[in-house]
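Please keep the sequence and the three-dimensional view at hand while reading.

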Amino acid sequence: MNRNIFANFAENKNVDTLTMDKVPILWVDDEIDLLKPHILFLQEKGYEVETATNGEDALDKINKNTYDIVLLDENMPGLTGIETLTRIKNKHADLPVIMITKSEEEHIMEEAIGSKIADFLIKPVNPNQILLALKKNLDNKRLISEKTTSAYQQEFRNISMALSDRLSWKEWKEAYRKLVFWELELQGSSDASMSEILSSQKSEANNLFCKYIENNYTKWLKTPDDPSVPTMSNTLMKKNVLPIVDASPDPVFFVLIDNLRYDQWRIIQPVISEYFKLQEEDMYMAILPTATQYARNAIFAGLMPSEIETRFPNSWLNDEEEGGKNMHEGEFLTDLLKRMRKDYKHSYTKITNHNDGKALVENVHSMMQNKLNVIVYNFVDMLSHARTEMEMIRELADDEAAYRSLTLSWFEHSPLFEALKVISEKKSKIIITTDHGTIRVKNPTKIIGDRSVNTNLRYKQGRNLNYEKREVFEIKNPADGMLPRQHLSQTFVFAKTDNFFAYPNNYNYYVTYYKDTLQHGGISLEEMIIPFAVLSSK
């Protein structure tokens, strides 16, 4: 990565503030002559201050001129400040107004706040108080953006130095946590160059993470109980979930929101925290392929896919077989609890539509009788697929920030959130996690195979596959990845970083249609390092 980019950035930021346009404000006060020192102070700070001594004159000026903000005295003869404020808001709802008053009476404050004032100051005010109020309301976004940019500029070097080392699993989680933190911080920044730099750094991290997976993945599967091995889909229940259920005197709700990336969790977490206390936030690793058929079945069976096929030959379906691939999760869970000698009273509920969600809300009280309640909520995966297939959803989720916003909007209005609020009313514990994440794919990589090859864009399995070896992680012997073997010459290959598989036939159409869509099944930070959070009702 070109580290001189920050030097260029710094040069571009050396702008003389005196050349900036002055900010027009209107100050309304019947004793405005006494405020001349304050006005001169603001003019020196770059504000163009016009004045009025009563409400009528103020309204007349506001109707004729454009102001960025109004300073309004509450106690004036004629139209009072509150009356003037009401008239301003009736015609100029977006114009911020700072109310200034001598009175500290609660009803005046409540009336002003109810009329959507931007700020409230008590006389006597000094010039710096006024300046702070103006900056808070007019320059807030710019100041936060500049501070965030400066902070990331410093953290960039720390992250880059960390990535240059041979990271452990714990260190990879921390590196990804930092990258997501800055992604969320910078999404509100007005400086697009910083987001581009972060995107480049994240891409570099993903390349290194893929090498980490290639070097370690099959080794981990041979020693799942080694403390240095990440908790993975097949060990999640044993290592992370059941110990919590054992220790909790209250009902535990294990909520799996399908296809929920760590950044999406960070977006909905503040909403959930209004009702629950966050006790633990961690991440675990999704198995390969990072697809529902493999990862979610592995969670509830506590087994790798080849082990599930052996133990449940009538329940496991391979890629090319017809039928639902996740129809037996409840059966797998019951079997897991028996193997682990847990005689919990438990329930398993899968939500695939809105009516199921409403039924969940109604059933929460009866679930309180169970030691463990598993809820699988299918929505985010459908959202990511809908973004591929529906132009309107593509437009609504045009970039990562918009996709996160869409996820948050869904969650806030979902039956799942309603159910969680009902759960929060009783002593309980909830675990929120997912089965895998998703990544926005950018770069096509060609692959050739016969008709039996599966359709997933991020992993392929089949006979006689032809592909560019340096662009994939290949498992030539499915047993090494603890994956089902369907043919003697079968190979699994996984797309790395933001690549996606494309066939040479009709290549250009295929690439145009799928480029920039959200996919899963391969290797990336977004797909494999996924959230695991433990919360308790307040």
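**Parallel strands**

The structure is a predicted model. The description begins with strand 3, which covers residues 69–73. Because five of the five residues of strand 3 are buried, this strand is largely enclosed by the rest of the structure. In a regular strand, side chains alternate between the two faces of the sheet. In strand 3, I69, L71 and D73 point one way, while V70 and L72 point the other way, and all are buried.

Which strands pair with strand 3? Strand 1, residues 23–28, is joined to strand 3 by four bridges, and the two run parallel. Within this pairing, W27 has L71 of strand 3 as its bridge partner. Strand 4, residues 97–101, is likewise joined to strand 3 by four bridges in a parallel arrangement. Here L71 has I98 as its bridge partner in strand 4, and L72 stands opposite M99.

Together with helix 4, which spans residues 81–91, strand 3 and strand 4 make a right-handed β-α-β unit.

Strand 4 is mostly covered, five of its five residues being buried. V97, M99 and T101 point one way from strand 4, I98 and I100 point the other way, and all are buried. Strand 4 also pairs with strand 5, residues 119–122, in the parallel sense over four bridges. In that pairing, I98 stands opposite D119 of strand 5.

An open sheet of three strands has the order 13-16-15, and its pairing is antiparallel. Its edge strands are strand 13 (459–463) and strand 15 (472–475), each of which pairs on one side only. On average, and with direction ignored, neighbouring strands of this sheet are turned by 20 degrees against each other. Strand 15 and strand 16, the latter comprising residues 490–495, run antiparallel and are joined by four bridges. E474 stands opposite V493 in strand 16.

**Aromatic side chains**

How many aromatic pairs does a search of the whole structure find? The search finds 24 such pairs. Two of them are listed below.

| Pair | Arrangement | Centre to centre | Between the planes |
|---|---|---|---|
| W410 and F411 | edge-to-face | 6.0 Å | 65 degrees |
| F411 and F417 | tilted | 5.0 Å | 35 degrees |

Are the residues of these pairs buried or exposed? W410 has a relative accessible area of 13% and is therefore buried, the cut-off being under 20%. F411 counts as buried because its relative accessibility is 0%. F417, with a relative accessible area of 7%, is buried as well.

F417 also has a charged neighbour over its ring: K421 lies over the face of F417, at 4.6 Å from the ring centre. Elsewhere, K446 lies over the face of Y507, at 4.7 Å from the ring centre.

How values were computed: Residues numbered from 1 in each chain as written. Predicted model: local features only at pLDDT ≥ 70, side-chain atom pairs only at ≥ 80, totals over all residues. Heavy atoms only, no water. Pairing = 2+ DSSP bridges. Axes fitted to C-alpha atoms, helices over the stretch in contact; angles between N-to-C directions. Phe/Tyr/Trp six-rings, centres within 6.5 Å; stacked < 30°, edge-to-face > 60°. Buried < 20%, exposed > 50% of the residue type's maximum accessible area, 1.4 Å probe, protein only. Lys NZ or Arg CZ within 6 Å of the ring centre and 35° of its normal. Right-handed = clockwise from strand over helix to strand, strands pointing away.
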